[in-house]
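Student: I would like to go through this model with you. Could we begin with the helix packing?

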Amino acid sequence: MANNTTGITRIIKAAGYSWKGLRAAWINEAAFRQEGVAAVIAILIACWLDVDPITRILLIGSVVLVMIVEILNSAIEALVDRVGTDYHELSGRAKDMGSAAVLIAIILAVVTWVTLLWSHLR
């Protein structure tokens, strides 16, 4: 089914769908809430630190990436659960791979923070 909405109406509708997705993630996903609180704290710290703009962007970007990957993981999990609750190897694999993506994003964020703060504080 084609969507014939264009222009500003399309942008407004897309923003509404995005807001709906963020609300769903916040309400239904404990991991998203936990990482969201951690992200807000990390962003406040990044803004408070006396670092150059590029370092600040990298610090903030790394935690925002975690949030993006967590939303995608939650979407995968919701879709798999929608298909069925019976165990299936491919369903388990999809959920595990989504979880692995979140882990990699978290590791990247931690390495980014440690590396940049270490070089800044030396």
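Student: How are α1 and α2 oriented to each other?

Tutor: α1 and α2 are roughly perpendicular to each other, a label for angles of 65 to 115 degrees, while under 35 degrees counts as roughly parallel, over 145 as roughly antiparallel and the rest as oblique. Helix α1 (residues 7-28) packs against α2 at an angle of about 100°, with the axes 5 Å apart. Axes are lines fitted to C-alpha atoms, for helices over the stretch in contact, and angles run from 0 to 180 degrees between N-to-C directions. Helices here are DSSP runs (H or I, at least four residues), and strands are E runs of at least two, numbered from the N terminus.

Student: Before we go on, what kind of model is this?

Tutor: This is a predicted model, in which local features need pLDDT of at least 70 and side-chain atom pairs count only at pLDDT 80 or more, whereas totals for chains, interfaces and linings use all residues. Residues are numbered from 1 along each chain as its sequence is written, and side-chain values use heavy atoms, with hydrogens and water left out.

Student: Which residues make the contact between α1 and α2?

Tutor: From α1 these are L22, A25, W26, I27 and N28, and from α2 they are A30, F32, R33 and V37. Contact means heavy atoms within 4.5 Å.

Student: How many aromatic pairs are there?

Tutor: The structure holds one aromatic pair. The ring centres of W26 and F32 are 6.3 Å apart and the planes are at 85°, so this pair is edge-to-face. Rings of Phe, Tyr and Trp (its six-membered ring) pair if their centres lie within 6.5 Å; planes under 30 degrees apart count as stacked, over 60 as edge-to-face and the rest as tilted.

Student: Is F32 buried or exposed?

Tutor: F32 is buried, with a relative accessible area of 6%, whereas W26 counts as partly exposed at 42%. Buried means under 20% relative accessible area, exposed over 50%, and partly exposed in between (1.4 Å probe, protein chains only).

Student: Changing topic, how do α2 and α3 lie?

Tutor: α2 and α3 are roughly antiparallel to each other. Their axes come within 9 Å and cross at roughly 170°. Among the residues that meet there are F32, A39 and A42 in α2 and L59, V63 and M67 in α3.

Student: Which residues form the largest nonpolar core?

Tutor: That core has 12 residues, including F32, A39, A42, L59, V63, M67 and W113. A nonpolar core is a set of buried Ala, Val, Leu, Ile, Met, Phe, Trp, Tyr and Cys residues joined through side-chain atoms within 4.5 Å. Two or more residues come from each of α2 (30-48), α3 (53-83) and α4 (89-121), and α2 gives the most, with four.

Student: What does V63 touch?

Tutor: Not counting residues up to four places away in sequence, V63 touches A39, A42, I43 and W113. A second, separate core of five residues includes V66, V69, V102 and A109.

Student: And where is N73?

Tutor: N73 is in helix α3 and is buried, with a relative accessible area of 5%. Apart from neighbours within four places in sequence, N73 is in contact with K95, G98, S99 and V102.

Student: Which residues does UniProt list for "transmembrane region"?

Tutor: The unreviewed UniProt entry lists residues 57-80 and 100-121; positions are given in the numbering used here, feature names are shortened, and annotations may be inferred rather than shown by experiment. In the model, residues 57-80 are 100% helix, with end C-alpha atoms 34 Å apart. Residues 100-121 are also 100% helix, with end C-alpha atoms 31 Å apart.
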